[in-house]
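Hi,

Here is the structure I said I would pass on.

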Amino acid sequence: MSELSSLILEDAKALQPSLQEYRRWLHQRPELGFDLVETKPFVISKLKEYGYDNIREVGKAGVTVTVGGKKPGKVYLIRADMDALPINEETDVEYKSCTPNKMHACGHDMHTTMLLGAAKILKDHEEEIDGTIKLMFQPAEETCEGCKDMIDAGILEDPKVDVAMMIHVAAAVPAPTGTIILPAGKTGLSSNDQFTITIQGKGAHGAMPQDGIDPINAGVHIFQALQVLNAREIDPNDPFILTIGSFNSGIAPNVIPDSATLSGTIRTISSKVREKVKKRFEEIVVSQAEVFGAKATISYLSNCPVFLNDPGLVASGRRALTELFGQGNFIDYEAIGMTQFRVAGSEDFGYASEHVPTILVPFAVGDVKDGFKYGAHHPKAEFDDNYLYKGAATYAMCALTWLSENK
Ligand SMILES: [Zn+2]
Ligand SMILES: [Zn+2]
């Protein structure tokens, strides 16, 4: 493997100038959700250029190709998301977003580019793959819809995927720019259920409350009753967070409004806790509204499952990264004791995590020490694209290594 790993790193380095150019092209053209009218054709055109003749569109806006298959073996999936955020970019970079209120503020332009780099590298080493590598270019991660859409459309079948890996960049972090981070096994990202509660009351004159049903009163009681979940119903050893992020009702001081809405998120790191919390959440909301004669309905905007890092993939990833960069040239969370699974951000690749063993490899691309002050989803977030080749090589090497170890 060691000869192959140095070839892969060399190939990746040679691609760096073109990868940077692609990333900046994509950065200027951020697109949202499934609406990837420029991004998707760009990806397809590059794959064609690299010699792929098996490009398939999957679901509403996803793209996939496989590479390898000349030698028998398993199937390793590597994934990049392609969508941006509805944010107005406030950076001063010369390749800033050309579209108001759209910005690649989560670095998905970096992911797409690095997976294209891996596509090129792997195509050039196709004969050496023990099995098959499936590339997944995914839309709509930010709305938590794209991964599920591609799974429903068959991305994990034909050929059947055995394990799956993704990279996510991170800026404004205390790690040297260009450092790959190996996560610890059995850690991951929390689930994220975003909800809206609509409370239907009955509007009335502010001087005649007896004629109405006050939805604000019902909403306040719902908010308070939900606090009991943390305080009394869930084991304190099982972390979860319920946040109400908006509460809207009424426009006039002397009118009891007709309805109110509350929206928020539920995050946990265990599927069991998630199930229990959601069930009790729904019971509490509906019954609290009923106590006051109002009617509450709940709708979910997104439901991201828990994302879990598989210990086997972590161990294999460690060997891959050691081959590629040398020991000590990447951060190994297990080696430095960062092994606790906390409630954190979420990732819609959790849907894949429900079907196959998965791993999320973070990639530090903006050291706070170097002045990268703003993290993902901030209008001033910047991501250093001078190390895209490392991400491309990591995608390729993690797949090659695991496949050769699991023939
Ligand atoms: Zn994001
Ligand atoms: Zn993201």
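This is a predicted model: local features need pLDDT of at least 70, side-chain atom pairs count only at pLDDT 80 or more; totals for chains, interfaces and linings use all residues.

**The zinc site**

What does Cys106 bridge? Cys106 links the zinc ion (ligand 2) with the zinc ion (ligand 1), and the two ions lie 3.2 Å apart.

The two histidines come from separate elements: His108 is in helix H3, while His168 belongs to strand E5 (residues 163-170), so the pair ties together parts that are 60 residues apart in sequence. Are His108 and His168 buried or exposed? His108 is buried, and His168 is buried as well.

**His111, also in H3**

While you have H3 on screen, take a look at His111, which lies in that helix. Its relative accessibility is 0%, so His111 counts as buried. Leaving out residues up to four places away in sequence, His111 touches Ala80, Asp81, Cys106, Ile167, His168, Val169 and Tyr395. Ala80 is 31 residues from His111 in sequence, yet their C-alpha atoms are 5.1 Å apart in space.

Two packed helices are described by the angle between their axes and the distance between the axes. Here is how that works out for H3.

With helix H9 (residues 388-405), helix H3 (residues 108-124) has its axis coming within 8 Å, and the two cross at roughly 55°. That angle makes H3 oblique to H9. The crossing of H3 past H9 is right-handed. On the H3 side, the contact is made by Met110, His111, Thr113, Met114, Leu115, Gly117, Ala118, Ile121 and Leu122. Their partners in H9 are Leu388, Gly391, Ala392, Ala393, Tyr395, Ala396 and Leu400. By class, the residues of this contact split into 12 nonpolar, 4 polar and no charged.

Helix H1 (residues 2-28) also packs on H3, at an angle of about 140° and with the axes 9 Å apart. H1 passes H3 in a right-handed crossing too. From H1, the residues involved are Ile8, Asp11, Ala12, Leu15, Leu19, Tyr22, Arg23, Leu26 and His27. H3 answers with Asp109, Met110, Thr112, Thr113, Gly117, Lys120 and Ile121. How many charged residues does the contact of H1 with H3 have? There are 4 charged residues, alongside 8 nonpolar and 4 polar ones.

Most residues other than glycine have a negative phi, and most peptide bonds are trans. A few spots are worth a click with that in mind:

- Asp158 and Pro159 are joined by a cis peptide bond, with omega about 0°. Pro159 sits in the loop between H4 and E5.
- Ala172 has a positive phi, near 60°. Ala172 is in the loop between E5 and strand E6 (179-182), and at 22% relative accessibility it counts as partly exposed.
- His377 has a positive phi as well, near 75°. His377 is placed in the loop between strand E16 (358-364) and H9, and it is partly exposed, with a relative accessible area of 39%.

Ala153 lies in the loop between helix H4 (146-152) and E5. With 42% relative accessibility, Ala153 counts as partly exposed. Not counting residues up to four places away in sequence, Ala153 touches Val58 and Gly59. Lys60 is 93 residues from Ala153 in sequence and 8.7 Å away in space, C-alpha to C-alpha.

Ile213 is in the loop between strand E9 (204-205) and helix H5 (215-233). Ile213 is partly exposed, at 22% relative accessibility. Setting aside neighbours within four places in sequence, Ile213 is in contact with Gly201, Lys202, Ile256, Pro257, Phe292, Gly293 and Ala294. Of these, Pro257 is 44 residues away along the chain, with 8.6 Å between the C-alpha atoms.

Cheers

Notes
Residues are numbered from 1 along each chain as its sequence is written. Chains are lettered from A and ligands numbered from 1 in the order in which they are written. Side-chain values use heavy atoms; hydrogens and water are left out. Axes are lines fitted to C-alpha atoms, for helices over the stretch in contact, and angles run from 0 to 180 degrees between N-to-C directions. Helices (H or I, at least four residues) and strands (E, at least two) are DSSP runs, numbered from the N terminus. Angles under 35 degrees count as roughly parallel, over 145 as roughly antiparallel, 65 to 115 as roughly perpendicular and the rest as oblique. A crossing is left-handed if the near helix is turned anticlockwise from the far one by less than a right angle, and right-handed if clockwise. Contact means heavy atoms within 4.5 Å. Ala, Val, Leu, Ile, Met, Phe, Trp, Tyr, Cys and Pro count as nonpolar, Asp, Glu, Lys and Arg as charged, and the others, Gly among them, as polar. Donors are N, O and S atoms within 2.8 Å of the metal (3.2 Å for Na, K and Ca); water is not among the atoms, so sites may look incomplete. Buried means under 20% relative accessible area, exposed over 50%, partly exposed in between (1.4 Å probe, protein chains only).
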